Amino acid sequence: SIHADMEVDPSEITFEAAEQLSSLEPFGCENPIPSFVTRGVKLTQLLPTKNPAHMRLKLAGENCSFDGIAFGLGERFSKAGAGVSTDLVFQPSIDEWNGRRSLKLKINDFSVV
């Protein structure tokens with residue numbers, strides 16, 4: 001089983017919320033990073049990585065969209081395919097690359113609904 005600390009609506013997954021969460025750092029053994037569940041998120045695009053065990057994702061909720069990364073779940077996402085609705089267990093993070101900051105979800109598990 002996968003542990004999640006809280007269920008959130010997709011509309012609550014925002015850059016601002018991820019920034020507030022980062023104020024709880026540093027995360028580690030005594031202060032684990034929180035995991036969240038959100039339901040009914042559409043998998044809009046699968047973006048394979050060089051390693052087929054991992055998958056980059058484009059996800060959409062009602063009036064919102066997200067980028068995601070799923071380590072070790074590439075095969076399961078490939079089988080599910082794009083266009084399906086999913087429930088996700090994830091950890092939000094702020095990704096910084098080339099001076100650009102963006103919200104990214106690290107997907108720990110999912111189920112097709």
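## Pockets

On a 1 Å grid over the protein atoms alone, a pocket is an open set of points where a 1.4 Å probe fits, with protein on both sides within 12 Å along at least five of seven lines, and its lining residues have an atom within 4 Å of a point. Grid points are joined across faces, edges and corners, and a volume is the space filled by probe spheres set on the points. The structure is a predicted model, in which local features need pLDDT of at least 70 and side-chain atom pairs count only at pLDDT 80 or more, while totals for chains, interfaces and linings use all residues. Residues are numbered from 1 along each chain as its sequence is written, and side-chain values use heavy atoms, with hydrogens and water left out.

The second largest pocket holds about 190 Å³ of space. Its lining consists of V8, E12, I13, T14, A17, A18, Q20, L21, F36, F90 and P92. Helices (H or I, at least four residues) and strands (E, at least two) are DSSP runs, numbered from the N terminus. Helix α1 gives the most to this lining, with 4 residues, and α1 and β5 each supply at least two. For the classes, Ala, Val, Leu, Ile, Met, Phe, Trp, Tyr, Cys and Pro count as nonpolar, Asp, Glu, Lys and Arg as charged, and the others, Gly among them, as polar. The lining of the second largest pocket comprises 8 nonpolar, 2 polar and 1 charged residues.

## The largest pocket and L47

The largest pocket contains about 280 Å³ of space. Two or more lining residues come from each of β3 (55-61), β4 (64-70), β5 (85-97) and β6 (100-112). The residues that line the largest pocket are L47, R56, L57, K58, D67, G68, I69, D95, W97, R100, S102 and K104. By class, 4 of the lining residues are nonpolar, 2 polar and 6 charged.

L47, one of the lining residues, is located in strand β2. L47 counts as buried, because its relative accessibility is 18%; buried means under 20% relative accessible area, exposed over 50%, and partly exposed in between (1.4 Å probe, protein chains only). Contact means heavy atoms within 4.5 Å. With neighbours within four places in sequence left aside, L47 is in contact with M55, R56 and K58. The C-alpha atoms of L47 and G74 are separated by 9.6 Å, and the two residues are 27 residues apart along the chain.

## Salt bridges

Side chains of opposite charge can pair when their charged atoms come close. A salt bridge is a side-chain nitrogen of Lys or Arg within 4 Å of a carboxyl oxygen of Asp or Glu. The structure holds 8 salt bridges. One of them joins the side chains of E7 and R39 (3.2 Å, N to O). This pair links distant parts of the chain, with E7 in strand β1 (residues 6-7) and R39 in strand β2, 32 residues apart. R39 is partly exposed, with a relative accessible area of 45%. E7, R39 and D87 are linked in a network of salt bridges.

Another salt bridge is formed by R76 and D109, whose closest N and O atoms are 2.8 Å apart. Because R76 lies in helix α2 (residues 74-80) and D109 in strand β6, the pair ties together parts that are 33 residues apart in sequence. R76 is partly exposed at 38% relative accessibility, and D109 is partly exposed at 22%. The side chains of D95 and K104 also meet in a salt bridge (3.6 Å, N to O), and both D95 and K104 line the largest pocket. D95 is partly exposed, with a relative accessible area of 29%, and K104 is partly exposed, with 23%.

## S35 and Q91

S35 is situated in the loop between α1 (15-22) and β2 (36-48), whereas Q91 lies in strand β5. S35 counts as buried at 8% relative accessibility, and Q91 counts as buried at 12%. The side chains of S35 and Q91 make a polar contact (3.4 Å). A polar contact is a pair of N or O atoms within 3.5 Å; within protein, one must be able to donate a hydrogen and the other to accept it, and residues adjacent in sequence count only if both atoms are side-chain atoms.

Apart from neighbours within four places in sequence, S35 is in contact with H3, A4, D5, M6, V89, F90, Q91 and N108. With its own neighbours within four places left aside, Q91 is in contact with I33, P34, S35, K104, L105, K106 and N108.
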